[in-house]
Amino acid sequence: MSTNLKMEDWQLDFEWLEVRHKIKERMSVNALPDMQAILYLIGVQELGQGFREFTKEEKTDLMHIAVCALLEKEGYYTFSGLDADGWPHWDMGKPYSTTGKSEQEQLLKRLIIEYFKTEI
């Protein structure tokens with residue numbers, strides 16, 4: 001499914017909840033993860049250095065990595081390479097076409113759903 005196609009609201013809600021439940025089961029946690037937790041996990045995956053203790057700043061950077069990796073598929077970012085510590089960096093691609101927090105969250109949810117269908 002192309003992420004450019006508009007997912008029906010009920011379908012997006014259903015698949016989003018399904019992803020959250022799968023992560024909860026895999027991580028053996030009691031609560032469903034929210035978007036920030038999922039972005040953190042994607043960031044750790046994309047960093048490729050495994051789980052370890054991260055500083056508060058590194059956790060924020062990991063969520064940024066996740067957002068860039070997800071939005072790269074839509075052309076909003078272009079991977080530019082790794083820094084000396086092995087952390088990935090992106091350059092801005094096309095300007096954002098989404099407006100408002102709700103539309104941005106919907107886009108991220110669709111991209112996260114797609115990520116878990118194809119990457120994991």
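**View 1. R52 and its salt bridge with E58.** In this predicted model, R52 is partly exposed at a relative accessible area of 36% (buried means under 20%, exposed over 50%, partly exposed in between, with a 1.4 Å probe and protein chains only). The side chain of R52 meets that of E58 in a salt bridge, 3.6 Å from N to O (a side-chain nitrogen of Lys or Arg within 4 Å of a carboxyl oxygen of Asp or Glu). Residues are numbered from 1 along each chain as its sequence is written. Local features need pLDDT of at least 70 and side-chain atom pairs pLDDT 80 or more, while totals for chains, interfaces and linings use all residues, and side-chain values use heavy atoms, without hydrogens and water.

**View 2. The salt bridge of E15 and K117.** Here the side chains of E15 and K117 meet, 2.9 Å from N to O. E15 belongs to helix α1 (residues 9–27) and K117 to helix α4 (residues 101–118), so the pair ties together parts 102 residues apart in sequence. E15 counts as buried at 10% relative accessibility, whereas K117, at 48%, counts as partly exposed. The whole structure holds 2 salt bridges.

**View 3. The elements of the chain.** The chain has 4 helices and 2 strands (DSSP runs numbered from the N terminus: helices H or I of at least four residues, strands E of at least two). From the N terminus on, their order is α-α-α-β-β-α. Along the principal axes, the C-alpha atoms fill a box of roughly 45 × 40 × 25 Å. Of the 120 residues in the chain, 37% are buried.
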